[in-house]
Amino acid sequence: MPALKPKRNYPMMDMTAMCDVAFLLLTFFILTAQFKSQDAATIETPSSISAIKVPDKDLMIISIGKDGKVYFGVDNPNTRIAMLDNISQTEGVQFTDKQKKIFSLQANFGVPIRGLSQWLQVGATTPDKLKEVVQPGIPVDSTAQNELAKWIYQARRANSGLRIAIKGDNVAKFPVFKDVMSSLQAQNINKFNLITGTEAPPQGWKAD
Amino acid sequence: MAEIAQGGGGGHGDKKVRSKKASTRVDMTPMVDLGFLLITFFILATTLSKPSSMSVAVPDKQNDTKQQETEPLKASKVLTLFLGKDNTVWALDRLAADDDKAKTDLKKVSYGQDLRGLIFQSQAQVDREHGKDDKGLSQFVCVIKPLKSSTYKNMVDALDEMAVTKSKRYALVDALTDKEKELLGDKAN
C-alpha cells in the first residue's frame, strides 16, 4: 500500500449558503430600518404595560430631559419649516433660508426663540459644532414667557392633524410635567400620549 | 451555485479540461464578510423596538367662574395616593384627610407589588360595601396626587397601576387641600 500523500489543495468550504443567509438578513434589516434620529438629549423613558403604539407620522413630541429642560420636535421637515415661518411672523424674528434648512433637519430642539437665530447660525457656518452647543431648554414656567405654548400653537397651525406625545425622563420632576400639561390644557388640548417603554403585564392580566 | 459546472467534462485522458475545472470556483468568503458587515451596521443604526404610549385624557380646564354642581365624592369609596420623594407612596385608604384616623392610617407603600396589593384590597373592600353602580361598574375611585418631589416615572408607574388593576375611575390631581397639607406636613415638599 502506498503511503498517503498529503493533500495539496486547502479544504474549501462552500460559502454560497452562508452568503445567501447574510444577504437575506441584510435585505430584511434594510427594509425594516427606521433610523435613529439625532435627539437633542437622551431620554430614558419609564415603561408601562400599555400596548398602544406611537403613531408613525403627524406627531409632535415634547420631551422632558432629566434636568427638567423641555425640548420640542415635530416629525415632518416641511411642518418644521412652516412652523418656523409662523413663529418668525408672530415673534418678529427673521431667519435666512440656510437657517431654515438647518432647522428642518433637527429632530427636536431646546432653544428659546430669542437665541434660535444664533443657534441656527452655528449650524449654518460650522455644522459639526451644532451638536456641542448646550441647549437651555424651552421656557415653560410663567404664562407670559411660555414659549412652549407658542410652539405648540404654531405647529398646530402648520399641521392641524398633529398628535401630541410627551416623552419624559425617569427622573424628571413632576412640576415640569405639570407646566407642560398646563400649556397644553390652556389651548384646550386635553388628550395626549405619554411615550413609554414596553414592559410585560403581570401574569394572568388580560386587556379588556 | 458558486461552482459553475463545466459542460461536457471531457474525456479522462484530456489534461486541459481538468485544469480548467478547478479554476472556476469563486471564493465567497469576502462577500460573506461584506454581507455581515452591512448587517451589523444596519442593526446598530436602527431602532428595533418601537416605544409604546399611554394615552391620557384630562378634564377640560374651566374658565368660567360658575361652579359646576357635582355630587361630592364619598370618602369611603376613595383611595388617595400621594406620590412622594424617593419612590414612596403615602396612601390614604377610604378616609378623608380631615378624618381623625387619617394621621394614624396614612400608610407608606412602595411601588410594585406593595402598591398593587393595596389597590386590589381597597377595590375589593369598596365593591363589598357599595356594590356596583347602575352601569355595572365598580364604584372604586383612585385619586393620584403627585407631590412636588415626585418624578415623572412615579406618575407613569401610578397610572400604569391603574391599568393593571383595571381601576377605571381615577383622577390625576396636583393641588393639595389645606387639610392634606396639614396631614402630610413636611412630606409634601
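User: Taking buried as under 20% relative accessible area, exposed as over 50% and partly exposed as in between (1.4 Å probe, protein chains only), what is the relative accessible area of Cys19(A)?
Analyst: This is a predicted model, in which local features need pLDDT of at least 70, side-chain atom pairs count only at pLDDT 80 or more, and totals for chains, interfaces and linings use all residues. Side-chain values use heavy atoms, without hydrogens and water, residues are numbered from 1 along each chain as its sequence is written, and chains are lettered from A and ligands numbered from 1 in the order in which they are written. Cys19(A) is buried, its relative accessible area being 4%.

User: How many salt bridges does the structure hold over all chains?
Analyst: A salt bridge is a side-chain nitrogen of Lys or Arg within 4 Å of a carboxyl oxygen of Asp or Glu. Among them is the pair Asp67(A) and Lys69(A), with closest N and O atoms 3.9 Å apart. Over all chains, the salt bridges number five.

User: Which residue forms a salt bridge with Arg116(B)?
Analyst: The closest N and O atoms of this pair are 2.6 Å apart. Arg116(B) lies in helix α4 (residues 113–130) of chain B and its partner in helix α5 (residues 152–164), 45 residues apart; helices are DSSP runs (H or I, at least four residues), numbered from the N terminus. Arg116(B) is buried at 15%, and the partner, buried at 6%, is Glu161(B).

User: Is Asp157(B) buried or exposed?
Analyst: Asp157(B) meets Lys153(B) in a salt bridge of 3.6 Å, N to O. Lys153(B) is partly exposed at 30%. With 16% relative accessibility, Asp157(B) counts as buried.

Key: Helices (H or I, at least four residues) and strands (E, at least two) are DSSP runs, numbered from the N terminus.
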